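Open the model in your viewer and keep the selection tool ready. We will go stop by stop.

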There are 2 protein chains.
Amino acid sequence: MKNIRFDVEYDGSDFCGWQRQPGGIQTLQGELEAQLGRILQENISLTAAGRTDKGVHARLQVVNFMTGSAMELSKMAYALNSLLPDTVRVRNPQVVPLDFHARFSAKEREYRYFLLEEPSALRCRFTGCSKGSLDIDAMQDAAGLLFGEHDFLLLSKEPADKKNTVCLIKECEWRWENDAIVFRIRANRFLRSMVRYLVGVMIAVGKGRAVPEDLRMLLDEGLLTFPLFPAEPNGLFLWDVSY
Amino acid sequence: MKNIRFDVEYDGSDFCGWQRQPGGIQTLQGELEAQLGRILQENISLTAAGRTDKGVHARLQVVNFMTGSAMELSKMAYALNSLLPDTVRVRNPQVVPLDFHARFSAKEREYRYFLLEEPSALRCRFTGCSKGSLDIDAMQDAAGLLFGEHDFLLLSKEPADKKNTVCLIKECEWRWENDAIVFRIRANRFLRSMVRYLVGVMIAVGKGRAVPEDLRMLLDEGLLTFPLFPAEPNGLFLWDVSY
């Protein structure tokens, strides 16, 4: 058996998220496994660095899978790109050590969230929208509270009995990029829907519906003092994974 | 009766073009007329500056329609945006003189075509792809031949018996914009699918499958010396209209 790794880029807007689902629901894992299975004539089970939600995109997703196939890797990637929709591309196929695991071997992941203050028809697939002006300084203050180790259970969709819900945030900032406001966050790991909840809190802060202290109380004391919503998925990109 | 004009921005990737079609086919004109009709309780017939093909986008499309409604314009636009999908936004509603016609009153239109040399999953909805490197200098040379007045019938989907097929090209150039190559063309008018045919010729030139002289022979002498294909619609934007 060989362990094969490749990079995947996708526009998630037509998919019900990464994770395989029964009943003909279109997911990225399901689509990639089905097409790889056709090419290799094997049942393929993919592991991914991050399981993105419905509507979330990936600039760089990393996956791996085991196969007995002797097919040349560039030919495999070419065949896969021929069968996949144009909104999904695979790149850089390589044979990796048998103990490489796209999820558990990853050291850091980076997500970015793109946000507009006014709706745009041309950009709505790839940006969230606050529908109103935002106080970026207050959002940056809130982002500053996230650095370091925190328990993010309350800012995720994880079940309450999940064991380890502590993440180490290494980089975290808002900045203007042309006419969009971009949130960049790098951590050793992320919980389910965590970035969308974090962005949701900071949009509430930017709109004056919450203050950075509300986020501090939630993080440090588990006290929820404002309405908590995840931000829309379409502004979110899995941006980078490092091993 | 009042004549009302507004601007429309759209992501054309989920629509079968601008023009209304029978049988529940999703088009921009059909969707806008249906929702305006619901709001105003009237049959609405929209006129547009440019009838974009299936998959073509608009940064700025201009439309007008007649109505007997006394509804406040900002309320009408708000209601319309509430009913339309996020991929279509209307803006700047205004009452205009009764003789204003979005198509016949327009003095100039501008289209832009965005092109990448390598496929991108995240950008495929909004860019064409040459799947290989392009000789931009040769493409620029070909673009230079388009300036001024020419009969573009052979570079369009118009029926052969269409009366006036002469267009006056006022601006026309390729340029790099970050990692995309962008074609910008401004003219008094355009024929059906004309920009896609022009871009198709220039991509053939960029790939070395045709030379600028082939375009000159087609324009000046009606001689077709190379395989002619329209470029993919998804890279094309109706960019500006002036009155």
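How many Å separate the centres of domain 1 of chain A and domain 2 of chain A, taken over C-alpha atoms? The centres are 27 Å apart. Keep in mind that this is a predicted model.

**Stop 1: two domains in chain A**

Select residues 2–96 of chain A and colour them; this is domain 1. Then select 108–242 in another colour; this is domain 2. Now look at where the two domains of chain A meet. Domain 1 brings 16 residues to the contact, and domain 2 brings 14. Together they bury about 1,300 Å². Carbon and sulfur atoms account for 55% of that area.

Show the domain 1 side of this contact. Its residues sort into five nonpolar, six polar and five charged. Ten residue pairs are in polar contact across the interface of domain 1 and domain 2 of chain A. The same interface holds one salt bridge.

**Stop 2: A:Asp53**

Select A:Asp53. Where does A:Asp53 lie in chain A? Look in the loop between strand S2 (47–48) and strand S3 (57–67). The UniProt annotation "active site", from an unreviewed entry, covers A:Asp53.

Now show what touches A:Asp53. Skip its neighbours within four places in sequence, and you find A:Gly17, A:Ser193 and A:Arg196. Zoom in on A:Arg196. A:Arg196 and A:Asp53 form a salt bridge, with their closest N and O atoms 2.9 Å apart.

**Stop 3: chain B against chain A**

Zoom out and show both chains. Which chain gives how many residues to the contact? Chain B gives 21 residues, and chain A gives 21. The area buried between chain B and chain A is about 1,600 Å². Carbon and sulfur atoms give 58% of it.

Select B:Ala121, B:Leu122 and B:Arg125. This trio supplies 44% of the area that chain B buries against chain A, more than any other three residues.

In total, the interface of chain B and chain A has four salt bridges. Between these chains, 14 residue pairs are in polar contact.

Finish on the side of chain B that touches chain A. Highlight strand S1 (2–10), strand S3 (57–67) and strand S4 (88–96) of chain B; each supplies at least two residues of this side. Colour this side by class: nine residues are nonpolar, four are polar and eight are charged.

Conventions:
Residues are numbered from 1 along each chain as its sequence is written. Chains are lettered from A and ligands numbered from 1 in the order in which they are written. This is a predicted model: local features need pLDDT of at least 70, side-chain atom pairs count only at pLDDT 80 or more; totals for chains, interfaces and linings use all residues. Side-chain values use heavy atoms; hydrogens and water are left out. Contact means heavy atoms within 4.5 Å. Buried area is the accessible area (1.4 Å probe) that two parts lose on being put together, summed over both. A salt bridge is a side-chain nitrogen of Lys or Arg within 4 Å of a carboxyl oxygen of Asp or Glu. A polar contact is a pair of N or O atoms within 3.5 Å; within protein, one must be able to donate a hydrogen and the other to accept it, and residues adjacent in sequence count only if both atoms are side-chain atoms. Helices (H or I, at least four residues) and strands (E, at least two) are DSSP runs, numbered from the N terminus. Ala, Val, Leu, Ile, Met, Phe, Trp, Tyr, Cys and Pro count as nonpolar, Asp, Glu, Lys and Arg as charged, and the others, Gly among them, as polar. UniProt positions are given in the numbering used here, feature names are shortened, and annotations may be inferred rather than shown by experiment. Domain bounds come from an automatic or database domain assignment.
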